[in-house]
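Colleague: Hi, I'm new to this one. Could you put it up and walk me through it?

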Amino acid sequence: MSDTFKFTRGQVPLLISMPHPGTRLTAAVEQGLVPAGQALADTDWHIPRLYAMAEELGASRLEALYSRYVVDLNRPDDDVPLYSSATTGLFPEVLFDGSPLFLDGQAPDAQARQQALEEIWRPYHQTLVTELQRLRETFGYALLWDAHSICSRIPRLFDGQLPDLNFGTFDGASCDPELTSRLQAVASGQQRLTHVFNGRFKGGFITRHYGAPDQHIHAVQLELAQCTYMDEAPPFGYREDRATPTQDVLRQLLEAALDWGRERYGR
């Protein structure tokens with residue numbers, strides 16, 4: 001464990017990346033936030049708890065500790081936009097609803113942002129690279145599951161209510177199509193949660209950058225609607241009654257990915 005992330009090495013060829021559950025703030029960010037920003041509403045709340053079954057499955061886990069308001073780990077370090085529609089950048093300046101994140105003139109300066117990039121963004125991604133390489137060398141392939149969640153209704157980002165399960169494979173470029181088919185079968189075989197593949201969320205930087213099926217690294221992003229496991233209003237409480245059945249589906253998805261890998265690669 002570092003002071004910017006938690007990493008646990010597993011025993012199977014699966015790495016679960018969690019880039020947005022962190023709530024720590026640097027002094028430069030904390031002192032400049034507007035009151036609405038201080039609630040950290042755009043956090044992927046409780047994602048490590050929701051994916052607690054990953055330990056039983058033997059997966060490696062990488063969990064960010066700092067808030068995306070400091071630096072967004074799912075954006076490229078050159079901050080090239082990933083979507084043509086409304087989005088947030090490497091160093092967010094607005095909340096998901098489009099309102100300012102910082103008080104006038106109080107956003108972190110260039111030096112503070114560069115420090116966050118070097119001390120938070122780069123170590124997280126170096127750990128991703130190192131673990132994916134280890135998994136591929138050990139098993140002949142690696143599975144990367146990028147775990148996210150988001151409020152089910154954000155008018156600035158999408159119309160209406162999101163499906164419950166929003167899978168992103170960069171329109172099929174980040175993983176083998178047969179793996180996608182296995183995940184589609186699980187999603188279609190249960191009745192509780194709605195789903196879509198490559199809808200509003202096609203996969204962020206992590207999925208797009210590290211997913212390389214021709215190099216035997218298969219990446220999938222899952223953006224989960226938060227209404228499936230928590231209260232979407234402050235204080236953003238975890239709802240066991242909702243979370244438990246959602247966890248069952250998540251486990252089935254992860255097991256399906258692991259089963260596909262064993263059948264495809266023989267280990």
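Modeller: A charge sits over a ring if NZ of Lys or CZ of Arg is within 6 Å of the ring centre and within 35 degrees of the ring normal. This is a predicted model, where local features need pLDDT of at least 70 and side-chain atom pairs count only at pLDDT 80 or more. Residues are numbered from 1 along each chain, and side-chain values use heavy atoms.

Colleague: OK, what does R200 lie over?

Modeller: The face of F201, with 5.1 Å to the ring centre. Likewise, R264 has its charged end over the ring of Y265, 4.6 Å from the centre.

Colleague: And how many aromatic pairs are there?

Modeller: Nine, counting Phe, Tyr and Trp (six-membered ring) with centres within 6.5 Å; planes under 30 degrees apart are stacked, over 60 edge-to-face, the rest tilted. Y141 and Y265 are stacked, because their ring centres are 4.2 Å apart and their planes at 10°. That pair joins distant parts of the chain, 124 residues apart: Y141 is in the loop between helix 4 (110-139) and strand 4 (142-150), and Y265 is in helix 7. Helices (H or I, at least four residues) and strands (E, at least two) are DSSP runs, numbered from the N terminus.

Colleague: Are Y141 and Y265 buried or exposed?

Modeller: Both are buried, that is, under 20% relative accessible area, with exposed over 50%.

Colleague: Which rings form a cluster?

Modeller: W121, F205 and Y210 are linked by ring pairs.

Colleague: Back to helix 7: what comes after it?

Modeller: G266, with a positive phi near 80°.

Notes. Buried < 20%, exposed > 50% of the residue type's maximum accessible area, 1.4 Å probe, protein only.
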